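Here's a quick tour for anyone opening this one for the first time. Take a look at the picture below, then read on.

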Amino acid sequence: MGRCLSMLPSFAVLVLGLMWAVGSDANPLALRRSVFRIETISQDRNFVNPWRLQSPGMASGTGFYIGEGRILTNAHVVANASSITVRRDGDARQMTAYVQFIGHDVDLAILGVEDPAYLKNVEALVLGSVPRLRSPVTTVGYPMGGDQVSMTDGVVNRIGYQTYVHTEVDDHLLVQVDSAINPGNSGGPVFQGRNVVGVAFQALTRAQSAGFIIPVPVVQRFLTDCSDGKYDGVPDWGVETQNSVLNNVASAVFYQVPASDRRGVLISRVQDWSTAKGILQRGDVLMSISSKAIGVDGKVDFEGERVNFEALYDLRLIGDRVRFEVLREGEIRELVVTAGQGKAHQNSGLIYPNRPKFTVFGGIVFTALTRSVMELWGDAWEKNAPLLMRYLLSNPFDFDLTGERRPIEELVIVSDILVNNANNFLEVTSPVVDQINGKKVTSVKMLHDTLRGLTEETLRIDFMFSHDPWIVNAKELRAADKENNIRYGVSQEYWLEPYSVDGAVTRGSKR
Amino acid sequence: MKQHHERSRFLVATMVAAHFMWLVFPKAALAEVKEISSYEASILHLTVTRAAPDPESPWALQNTDISGNAGVVIGGNRVLTQASLVSRAVYIQAQRVDDVEKIPMEVVFADYEANLAVLAPVKGHSLNNVKTMNIGQDVPLGADVFLVAIENERQLQRVSLRTLEIGLRESSIGGISLPIYSLGGQARTSCKSDPIIRKGLLVGMCVGVLDSQPQVIAASVINHFLGDNLSAASYRGFPAIGVSFVPVRSPWHRKILKIAQGKGALRVARVFENSPFTDCIKVDDVLTAFDSAAIDHRGFYQHPMWGAVQLRHYIAEKYGGSPLTIHFARAGQLKSCTRNLIRFSGQESLVPGPANGGGVAHVIFGGLVFRELTADYLTVFGRDWRQSAPQELLFFYTYLNLPTAKRERKVVLSNVLGDEFNSGYQKLSNLVVEAVNGQPVTSIASLKTRLNAPGVLRGGIEYAQFDFLGGIQIVLPYKGTSEAHKRIASAYSVATFDSFYTRL
């Protein structure tokens, strides 16, 4: 289905052009019946005591019908939801919904409903294309302040490549509009004529009427990704570039860039885990991607605008072959990189798992270092959290300054100590676990397996950048678990499932 | 008539006040006040004009800063004050609060770890007519003392306080732990070298306020400082052992280390490469005593006056060069080791502490401003620099800031002074230099040496190649730097041409 949708833009552009030409029937009012108010009851995860959930909270958003029993909305509308209901504009009935697919990295989700008949006769909205600058758009949704659908007109201000705040780290194409996008608008369609040209999803809080929408190419890519029944996510590039270097004429000569064709960006680093490792290398000049010339500013032509060349890489699917033109030692080469994914720790964004990975041993709670954990230090965690954790999270690819180059799945921290007689002398001076009995810790699972399989009497836990290891009696710690679990209500001693098992409601029941 | 009435009222008021004081204060306290008054003549107001290098533009000075603080005349034609308040002073004047004469002064010697400095009048001036104050001994907890503050440069204010707590303040420079009194009583908002007096003797110097309570350098530190040879060549200072240690809390760990129940012990966590004990102490050794001072389970020893005090203070009571015997256990075997202590100036560290004098090591190449990473530089990022400075720089400062025997430094590209010569690189800042022309860089001097070596030839042009942590690279030709430097000097008011790199 997603593959079919990817064919829509050319048709949509034609329709859009016709609408502008006639100047009538372009009012999306007629399409409001395809727009849904989404209500959720969600419970955020507890990253200190991960077997617990935080108190439930209610929220609402917007979604719209895209055919075949699917409602498109934002991931953040339904993330961590324990209950989801939808209500169509003009219909009194509420319907229980569930998440079919969710892409936190692109802040999109597809919902289904318990009774497919509920969507019978609902008109599927059609995806258009990337709107032009200064062209008018209409945002439709259920912003706070009332139960009725709301429509706001605006114009397109900017087409760029910026951060999607749902994960706080993923940069993708987005479109800025000057119509207000308020809480509740999220997931709503943004129309140009009868076509959806984007999904409302975030706004600048310190600016009036500065809203952002997810443009159609990102939406289409998401739908295509889901078309095989599984969402794989946007590929991780793992290559860092220096833009603007070739603005410098002398530097361009150094890198042997032809004066008559001065373009491209310099590769400054290729991460060990990147699928480009061994193909691209530091010092290469990337001249083009998928036959599109990369300017010295790192931008390419896209839909009549100039956007960061990485936007094109993002639009590819995992496993796609991406063609680059590379200048190396004065010679232009054509190289192909297979789009791939990084490991869990390399995705340093906010996560929305069913449960955070954790294991409890002798009252010591171990969990993975994630951005979600860091938010325990509040919104200003990037200043207030311990420097070591901030640094490791911000430099997830390797730890240049720590001298570490170990292949790591994720970093493990001590999130809490449930005090008992066997551990009441322990103090957390540095929370990031380095070694267990001399073995480098590479994941929560590895640590869990090592602890459960201990044969030694002594357990030694070393922490990164600490010279104060814990040296304890493993048997006494383990023996404390049973009583400890009762005292502290530890309902589950570990959870090691990958984050891809999302916490959102599936088929009306939480996993 | 009216005047007479007013005068009478004033007299009555004074008499009532005197009578009230007699009732409220015991005789001893009034005697103390009287005695204090007699020493007010030893307290001078210092006006300090300072000019520090601009941390953002190391070739320039910041606007001059004038501050006032107290100093105490201690004999020998000298004045004792707080070192941090006279660092980078270009002009100092001393004045009695009841006198108009201003005496120009100069810094004789300062120890920034102890935060104490001795000043003397410049040649041709003297303090001969000013009464001196003697230094007392440490005061016990609960002792009543007076703080004397100078208000509005012209008025002495006496504040009655009481010692509440003795703590150790770790010097930000050399990691030395020195005793500090915390004084309770009337809340203070600030203090600047305010003398603390007891029984007519100077027993402390207030160096700051924490939770409205004055924080005071102890008399023992003042005596230690003044008892030293106050010259750069022969000053022995407050030493450190270059060994970090942690208490062993785990019963199982204590059992493994064979520490008897009830006995105190500290596990050696690190031995720094310039410690005098590198050849005899190892990580995991268990310290049991320094000289004859036994360690309790918290890592404290019994101070004769203050009771349990952290062991680090025991070391700070000694002078650099003094012997210290460490008793320790290794695999259950008792051992001991005696070495002469050394003074750490703080300049041995990879990211040195405040320089308090001299210029800022830097060089400009084609508009690229390179400088050594220092604690002074980090303050560029504002009052909350510990949170807001770039993480990589903070990481070096916090986790990798060990003393190195070779006094190595990290060199940072702090910013780029934009010019056509360096177009394409002008947004780069705060990058840590790894290599220049393919060779590692460990100081500004070594960066210049690397630049003097042959650069990278490409297309018949010689380039200087800079490689930074994280993979960023800058290549700029040597040719054209002179012209670029002239333009940059003019555009950015870089007055000292020494700042620019010139190839040897």
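Two strands count as paired if DSSP finds at least two bridges between them. With that in hand, look at chain A: strand β1 (residues 35–42) and strand β4 (residues 81–88) of chain A run antiparallel and are joined by seven bridges. Keep in mind that this is a predicted model.

**The barrel in chain B**

- Chain B has six strands that close into a barrel too, in the order β1-β2-β3-β6-β5-β4, and the pairing is antiparallel. Here, neighbouring strands are turned by 40 degrees against each other on average, ignoring direction.
- Helix α3 (residues 219–226) of chain B packs on this sheet and touches β2 (65–75), β3, β5 (103–111) and β6 of chain B. The direction of α3 makes about 55 degrees with that of β6(B).
- Strand β3 (residues 78–81) and strand β6 (residues 116–121) of chain B pair in the antiparallel sense over three bridges. For B:Thr81, the bridge partner in β6(B) is B:Ala117.

**Where the chains meet**

- How much area do chain B and chain A bury between them? It's about 3600 Å², with 56% of it on carbon and sulfur atoms.
- Chain B brings 43 residues to the contact and chain A brings 40 residues. B:Arg249, B:Trp252 and B:Gln391 supply 20% of the area that chain B buries against chain A, which is more than any other three residues.

**A helix pair across the interface**

- Helix α9 (residues 387–394) of chain A and helix α8 (residues 391–399) of chain B have axes that come within 10 Å and cross at roughly 140 degrees. That's why α9(A) and α8(B) are oblique to each other.
- The crossing of α9(A) and α8(B) is left-handed.
- From α9(A), the residues making contact are A:Leu387, A:Leu388, A:Arg390, A:Tyr391 and A:Ser394. They meet B:Gln391, B:Glu392, B:Leu394, B:Phe395, B:Thr398 and B:Tyr399 in α8(B).
- Sorted by class, the contact of α9(A) with α8(B) has six nonpolar, three polar and two charged residues.

Note on methods
Residues are numbered from 1 along each chain as its sequence is written. Chains are lettered from A and ligands numbered from 1 in the order in which they are written. This is a predicted model: local features need pLDDT of at least 70, side-chain atom pairs count only at pLDDT 80 or more; totals for chains, interfaces and linings use all residues. Side-chain values use heavy atoms; hydrogens and water are left out. Axes are lines fitted to C-alpha atoms, for helices over the stretch in contact, and angles run from 0 to 180 degrees between N-to-C directions. Helices (H or I, at least four residues) and strands (E, at least two) are DSSP runs, numbered from the N terminus. Angles under 35 degrees count as roughly parallel, over 145 as roughly antiparallel, 65 to 115 as roughly perpendicular and the rest as oblique. A crossing is left-handed if the near helix is turned anticlockwise from the far one by less than a right angle, and right-handed if clockwise. Contact means heavy atoms within 4.5 Å. Ala, Val, Leu, Ile, Met, Phe, Trp, Tyr, Cys and Pro count as nonpolar, Asp, Glu, Lys and Arg as charged, and the others, Gly among them, as polar. Buried area is the accessible area (1.4 Å probe) that two parts lose on being put together, summed over both.
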